[in-house]
Amino acid sequence: MKVNQRDIEAGIQTDFTNRLSYGGYLCLDQLLGAQQPLSTPMHHDEMLFIVQHQVSELWLKQLIHELRAAIGYVERDELEPCFKILARVKLIQQQLFNMWAVLETMTPSEYLEFRPVLGQSSGFQSHQYRTLEFLLGNKHAGQAEVFKYDAALYAQIQHDLHAPSLWDAFLQHLGRRGFPVPIACLQRDFSQSYVANRDVVAVLKTIYQQPQVHWDAYEMAEKLVDVEEAFQLWRFRHMKTVERIIGFKQGTGGSSGVAFLKRALELTFFPELFQVRSEL
């Protein structure tokens, strides 16, 4: 009878005394020790709730890392490196979207067993999510105020609020290439919400009608559409998950809950990229 066992190969390292190990490199002691349920006695599903949100924050950290790099490339007029970055961003967004299915295995009754221990904590207070939206262009100064309790964090949020978003950087790039992007779009207060401009639609129409001539700008535009679509799908799935678990209750952070999340579905990062489709 064949033995159902795999021998350890001679070259595999087994002694990690005073050597860097897998767990040491990944700081697993800190990472796996960061799940601290507060329900007493601990409710089984609180662990899922914590892990779900911590993993989301890790992916948000990677998205921010990627988008900062993408903005840097665009500001240096290097679009091609962005294509791989934004393709990766889209795949990370798919991971975030699919994660909601795991949380949806938790029923309303199960969530109510530990919801009170959350106090007023809420996803609205995620500084990484707010940074992500600011990098993509959804600017709102009032949304930064929740971070005033931490001076360093507040300063970083304020920096991203006033800095050009990915869309601003792309429009400035097109302007430097000679496309007639309006001055109002290039020289504006970047802390304010971006307002769609008909002249930008005309610029994009030129790019879409001559993709062979403007291939990198055309490809960049489509990559941005991918990112926006994936973000909207994530928002929708979030809203439906919340609706499924708490119905139309008020959110723990004081929002109207589902109604608040539904309004976010009307927000857009790159409006002219969708308007131009009606012009082609």
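# Reading a helical model, from cavity to loops

Author: Leu-60, Leu-63, Gln-93, Leu-96, Tyr-129, Leu-132, Phe-231 and Trp-234 line the largest cavity. A word on the source: this is a predicted model, where local features need pLDDT of at least 70, side-chain atom pairs count only at pLDDT 80 or more, and totals for chains, interfaces and linings use all residues. Residues are numbered from 1 along each chain as its sequence is written, and side-chain values use heavy atoms, with hydrogens and water left out.

Reader: What is a cavity, and what are lining residues?

Author: Rolling a probe the size of a water molecule over the atoms shows where empty space is left. On a 1 Å grid over the protein atoms alone, a cavity is a set of points where a 1.4 Å probe fits but cannot get out. Lining residues have an atom within 4 Å of a point. Grid points are joined across faces, edges and corners, and a volume is the space filled by probe spheres set on the points.

Reader: How many cavities of 30 Å³ or more does the structure hold?

Author: The structure holds 1. The largest cavity has about 60 Å³ of space. Its lining takes at least two residues from each of H3, helix H4 (80–103), H6 and helix H11 (215–246).

Reader: How are helices and strands defined?

Author: They are DSSP runs, numbered from the N terminus: helices are H or I with at least four residues, strands are E with at least two. This chain has 13 helices and 0 strands.

Reader: What box do the C-alpha atoms fill?

Author: Along the principal axes, the box is roughly 70 × 55 × 45 Å.

Reader: How do I check the span of a helix?

Author: The expected span is 1.5 Å times one less than the number of residues. Now helix H7 (residues 151–162): its 12 residues reach 17 Å, close to the expected 16 Å.

Reader: Which residues of H7 are buried?

Author: Start with the cut-offs. Buried means under 20% relative accessible area, exposed over 50%, and partly exposed in between, with a 1.4 Å probe and protein chains only. In H7, the buried residues are Leu-153, Tyr-154, Ile-157, Gln-158, Asp-160 and Leu-161. Seen down the helix axis, they fall within an arc of 165 degrees, so they line one face of H7. The arc is that of the directions from the helix axis to the C-beta atoms.

Reader: Why do residues three or four places apart point the same way?

Author: An α-helix has 3.6 residues a turn, so residues at that spacing point the same way. On H7, the face turned away from the buried side carries exposed Ala-151 and Ala-152.

Reader: What do the buried residues of H7 pack against?

Author: They pack against helix H3 (44–75) and helix H6 (127–136). A contact means heavy atoms within 4.5 Å.

Reader: Which residue caps the N-terminal end of H7?

Author: Asp-150 does, with a side-chain oxygen 3.2 Å from the backbone nitrogen of Ala-152. A polar contact is a pair of N or O atoms within 3.5 Å; within protein, one must be able to donate a hydrogen and the other to accept it, and residues adjacent in sequence count only if both atoms are side-chain atoms. The side chains of Glu-243 and Lys-240 make a polar contact at 2.5 Å.

Reader: Is Leu-166 buried or exposed?

Author: Leu-166 is buried, with a relative accessible area of 1%. Leu-166 lies in helix H8 (residues 166–176). Not counting residues up to four places away in sequence, Leu-166 touches several residues, including Leu-67, Leu-86, Leu-135 and Met-220.

Reader: Where is the cis peptide bond?

Author: The bond joins Thr-40 and Pro-41, with omega about -5 degrees. Pro-41 is in the loop between helix H2 (28–32) and H3.

Notes. 1 Å grid on protein atoms, 1.4 Å probe; cavity = no way out; pocket = protein on both sides within 12 Å on 5 of 7 lines; lining within 4 Å.
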